[in-house]
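Here is a short report on one protein structure. Look at the sequence and the 3D view, then read on.

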Amino acid sequence: MNPTLTLKPEKEHLLESRHPWIFSGALVMPETPVEPGSLVNIVDAKGKILATGTYSAQSNIAVRVFEFSEAAIDEKWLKDKIQSAHERRLLLGYGPGTDTTGYRVVFGESDGLPGLVVDRYSGVIVVQLTTAGADKLRDIIIKSLIELFKPSAIFERSDIANRKEEGIEERTGTLYGDYSLGDRVEFEENGIKFQAHPISGQKTGFYLDQKDTRKAIREIAEDKDILNLFSYTGSSGVAALMGKARSVLNIDSSRWALKQCHELARLNGIETNRIKTEESDVFQWLNSQSGDKFDMVTMDPPAIIKSRNDIDEGRKAYHFLNRAAMRLVRNGGIFVTSSCSQFFTQEDFATTLRRASVQNGLTLNVLKVIHQSPDHPISIYFPESFYLKSFVCQVG
């Protein structure tokens, strides 16, 4: 039997919308402490079981719901849940035998598996366990992934701040198989060859969530000279070059990442003279630039607003970046700008672009608004799953 946690009177409605988080303030805490990460049943004042989830002792999010009823969260349940999530990715056209073999298999709460991220790069699986509850399910998660996907290797990238908040240590390393490929796994996305770096790369080794933005860039890049800000390993630049862009200049502060830009170009048979790199802090670089120099500018900064406490300063940073970057676009050119900050809403973003364009004496005509690719599903029950916004604009 799982330990039970009781909702305070009149808090039952919190579960009616199927939001998977229950905050500590909504619970009557038991006299006997519950071990962090334990599976628990959530009951109402009459003792009726309303949900099953995992418990966190340190986070404000006390329970993350796995099932809105009584359920045995065992190996069979978990395997079925992962398989269902993967079948939805196959419906999207991702998977073995397609032109997209790098994709997210499980996206935490959006797939009914709080605290678990599973990314697939062809035959290599990378997992991220972000909560104490997911960490306690580690063994059956790995066993399920092996049985379902028969990967050559499973690598863990649980090196994120959220684990500290959960009272567990960060972890990385090989969990299964022989990861002898070094820090490089090749996969395809819409027919373009990319490389993930599960050991040293950001996130789980690649920014899989920008599939649709890269596709849009490729479709309108022909004959353009392009500036790619916060380029990281140059995936957007390579997408543009595969779309017959004349040239791409990648700007990033990481020397290691810029070296990968040239590697990706070679991997796709792109002439080296069409791609250039410059190691620089993007904020400082933009401060030193003037004039409309490029047919297209793309910009995908890291999450500047990581919490509600960062909102005011973060808005100023986004305003500076977008005001400075759009000035570098030639008349009639294209400006592609992204934000992955969940606390910087799409409305906030549009307001920032409006103010920046007016200050510059420019007009932005929005051609398209793109969100995270659908292997990072936006759940109607979990609004927090919506975080990535990209505006594709013509500058006049």
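## A glutamine inside

Gln260 touches Arg184, His197 and Thr233, leaving out residues up to four places away in sequence; contact means heavy atoms within 4.5 Å. Gln260 sits in helix H7. Helices (H or I, at least four residues) and strands (E, at least two) are DSSP runs, numbered from the N terminus. Gln260 is buried, at 7% relative accessible area. Buried means under 20% (1.4 Å probe, protein chains only).

## About the model

This is a predicted model: local features need pLDDT of at least 70, side-chain atom pairs count only at pLDDT 80 or more, and totals for chains, interfaces and linings use all residues. Residues are numbered from 1 along each chain as its sequence is written, and side-chain values use heavy atoms, without hydrogens and water.

The largest nonpolar core has 32 residues. Such a core is a set of buried Ala, Val, Leu, Ile, Met, Phe, Trp, Tyr and Cys residues joined through side-chain atoms within 4.5 Å. Tyr121, Phe187, Phe194, Phe206, Ile226 and Ala240 touch the most other members. Elements that each supply at least two residues of this core include strand E9 (124–129), helix H5 (211–219) and strand E18 (329–339). Apart from this core lies another, of 30 residues, among them Phe320 and Ala356.

What does Tyr121 contact, leaving aside its neighbours within four places in sequence? Its partners include Thr101, Val126, Phe187, Phe206 and Leu208.

Key. Buried < 20%, exposed > 50% of the residue type's maximum accessible area, 1.4 Å probe, protein only.
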